[in-house]
Amino acid sequence: MKNLKLKSARAAMDLSQQQLADMVGVSRQTINAIEKGDYNPTIKLCISICKVLGKTLDDIFWEED
Amino acid sequence: MDVSVSYVLGFVVGLLITMGFFIISSLVRKNKGKPCEYDERQLLARGKAYKAAFFVLIVYLLVEGSFKLVTGVEWADSMTSSFIGICLSVTVFAIICILNDAYLSLKEKPAHCIAVFSLIAFVNLAVVLANYFLKVSFLSEGMLNYHIINFIILIMFAVIMVVFIGKLLHDKKTEKME
């Protein structure tokens, strides 16, 4: 399932995938894979992404029914 | 098989120089604070690639060994047939890593990688051409001999480079769309 919340939070901060990847310490393709739902990140990476975007885990990674 | 002492010494020296180069370059990278880092997704993808390469090598050895046992045909000397298996599994590993964006570490640049691949391919092409003009045969006693190894390495790096450049172009296209 696509992670549109991550994509919109990133876009809201006017960050490219590469910029977010550099800030988090992963490759651009990893951010792309998370946004596309192709990769399920570890909790450690989820927390790093949330800290950079100033959001909570629920804001970005909680799937609502 | 007519393997001379000078050939074996040359092989060992070449191997030692290559190992020395990699050890020195990794030490230099460490001192510069540029360790070969992969992120968690890349490490996972590389693990899967290692697994695939391992099974490819197992299947190759089984098929090659069975073929020799059943037919009694020696198609290549033991060093050459082993080397073909190694090249095959390394190619599988590299291609899977490239397709999953796990070949380059976070700090490596594609241009550097292409330059190294081109250099290796060029050196091996030079050896293949030299062998061709010196009329060195790839066959001895009806078997492929070690002279074909450079040709195999050339093919391996050419295939890896084509996949690498293809993926790079594909990524640039999708990056613009994101």
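## Exercise 1: One residue in its setting

B:A158 is found in helix 5 of chain B. The coordinates come from a predicted model, so please read every value below as computed.

**Task.** Find out whether B:A158 is buried, partly exposed or exposed.

**Solution.** Start by counting C-beta neighbours: B:A158 has 14 of them inside 10 Å. Next, recall the cut-offs, where 20 or more means buried and 12 or fewer means exposed. B:A158 therefore counts as partly exposed. As a further step, locate B:F122, whose C-alpha lies 9.9 Å from that of B:A158 although the two are 36 residues apart in sequence.

## Exercise 2: Chain B as a whole

**Solution.** Of the 178 residues in chain B, 15% are buried. Finally, take the contacts in chain B with a separation of 6 or more: 81% of them join residues 24 or more positions apart.

## Exercise 3: A helix pair in chain B

**Task.** Describe how helix 3 (residues 78-99) of chain B and helix 5 (residues 149-177) of chain B are arranged: at what angle do their axes cross?

**Solution.** Two packed helices are described by the angle between their axes and the distance between the axes. Here the axes come within 10 Å and cross at roughly 5°. Angles under 35 degrees count as roughly parallel, and helix 3 of chain B and helix 5 of chain B are therefore roughly parallel to each other. Now look at who meets whom: helix 3 of chain B contributes residues including B:F83, B:C87 and B:V90, while the partners in helix 5 of chain B include B:I152, B:M156 and B:V159. Sorted by class, this contact has 16 nonpolar residues, two polar and one charged.

## Exercise 4: A helix pair in chain A

**Task.** Decide whether helix 2 of chain A and helix 4 of chain A are roughly parallel or roughly perpendicular.

**Solution.** Helix 2 (residues 17-24) of chain A and helix 4 (residues 43-53) of chain A have axes 9 Å apart, at an angle of about 115°. The two helices are therefore roughly perpendicular to each other. For the handedness, helix 2 of chain A passes helix 4 of chain A in a right-handed crossing. A:L20, A:M23 and A:V24 supply the helix 2 side of the contact, and A:S48, A:I49 and A:V52 supply the helix 4 side. By class, that makes five nonpolar residues, one polar and no charged.

## Exercise 5: Two sides of a helix

**Task.** Which residues of helix 4 of chain A are buried, and which are exposed on the other side?

**Solution.** The buried ones are A:L45, A:I49 and A:L53. Viewed down the axis of helix 4 of chain A, the buried residues fall within an arc of 65°, so they line one face of the helix. An α-helix has 3.6 residues a turn, so residues three or four places apart point the same way. On the other side, A:I43, A:K44 and A:K51 are exposed. To finish, see what covers the buried residues: the cover includes helix 1, helix 2 and helix 5 of chain A, together with helix 2 (40-71) of chain B.

Definitions and conventions
Residues are numbered from 1 along each chain as its sequence is written. Chains are lettered from A and ligands numbered from 1 in the order in which they are written. This is a predicted model: local features need pLDDT of at least 70, side-chain atom pairs count only at pLDDT 80 or more; totals for chains, interfaces and linings use all residues. Axes are lines fitted to C-alpha atoms, for helices over the stretch in contact, and angles run from 0 to 180 degrees between N-to-C directions. Helices (H or I, at least four residues) and strands (E, at least two) are DSSP runs, numbered from the N terminus. Angles under 35 degrees count as roughly parallel, over 145 as roughly antiparallel, 65 to 115 as roughly perpendicular and the rest as oblique. A crossing is left-handed if the near helix is turned anticlockwise from the far one by less than a right angle, and right-handed if clockwise. Two residues are in contact if their C-beta atoms, placed from the backbone, lie within 7 Å. Ala, Val, Leu, Ile, Met, Phe, Trp, Tyr, Cys and Pro count as nonpolar, Asp, Glu, Lys and Arg as charged, and the others, Gly among them, as polar. The arc is that of the directions from the helix axis to the C-beta atoms.
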